[in-house]
Amino acid sequence: MPRRAALTLTIRPALPADEANTTDLWKACGLVVSYNDPGVDFRFALAGETSAVLVGTDAAGEINGSVMVGHDGHRGWLYYVAAAPRAQGQGIGRQMVQAAEDWLRDRGVWKAQLLVRDTNTQVVSFYEHLGFEISPRVVLSKKLG
Ligand SMILES: CC(C)(COP(=O)(O)OP(=O)(O)OC[C@H]1O[C@@H](n2cnc3c(N)ncnc32)[C@H](O)[C@@H]1OP(=O)(O)O)[C@@H](O)C(=O)NCCC(=O)NCCS
């Protein structure tokens, strides 16, 4: 991917007031699917004691990056890793993933995991570049209604 000068972000936990700008970023990045309500996901993560949404803002305070991070008492999980389309290739994704790793490390979690949709496998090499490895597993899921 073409590289541009790095854009250094200020990374902080999202506040309730960040919901619209954050979910707009997720939509712009193609991360919203019909079966997930991004507002519900955002609010649920902010309400939890073991989860957060981290946002990266530029000098103007605009949200350019995000990651949802949490742990289940065993593993750490990353979701909604996003860099604003206009600002991709400037280190935002790397900074957001590192911030999530730090968030987990601070809570004693030693392993981070994430899921990549089979429609988005081109992003796998980004994570491998950041030190993640493909873990051969079969993931099963069940809607709990
Ligand atoms: C994936 C995404 C977050 C990457 O963000 P980004 O800000 O463009 O990436 P960065 O600029 O931080 O790249 C970090 C490093 O990864 C490399 N990289 C980026 N995309 C890559 C790719 N697809 N394959 C291999 N390497 C990649 C960069 O060259 C860079 O390397 P360097 O730091 O050694 O120079 C961004 O493309 C995005 O938001 N995509 C849409 C949403 C998405 O698919 N999210 C993941 C859901 S699982």
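A polar contact is a pair of N or O atoms within 3.5 Å; within protein, one must be able to donate a hydrogen and the other to accept it, and residues adjacent in sequence count only if both atoms are side-chain atoms. The model is predicted, so local features need pLDDT of at least 70 and side-chain atom pairs count only at pLDDT 80 or more, while totals for chains, interfaces and linings use all residues. Residues are numbered from 1 along each chain as its sequence is written, and side-chain values use heavy atoms, without hydrogens and water.

A polar side-chain atom of His 129 lies 2.7 Å from an oxygen atom of the ligand. The protein buries 79% of the 940 Å² that the ligand exposes when taken alone (Shrake-Rupley method, 1.4 Å probe).

Gln 90 sits in the loop between β4 and α3. Its relative accessible area is 12%, so Gln 90 is buried (under 20%; 1.4 Å probe, protein chains only). A polar side-chain atom of Gln 90 is 3.3 Å from the backbone oxygen of Ala 87.

The largest nonpolar core holds 33 residues. Such a core is a set of buried Ala, Val, Leu, Ile, Met, Phe, Trp, Tyr and Cys residues joined through side-chain atoms within 4.5 Å. Trp 26, Val 53 and Leu 78 are among those with the most contacts inside it. α3 gives the most to this core, with 7 residues (helices are DSSP runs of H or I, at least four residues; strands are runs of E, at least two; both are numbered from the N terminus).

Note on methods. Buried means under 20% relative accessible area, exposed over 50%, partly exposed in between (1.4 Å probe, protein chains only).
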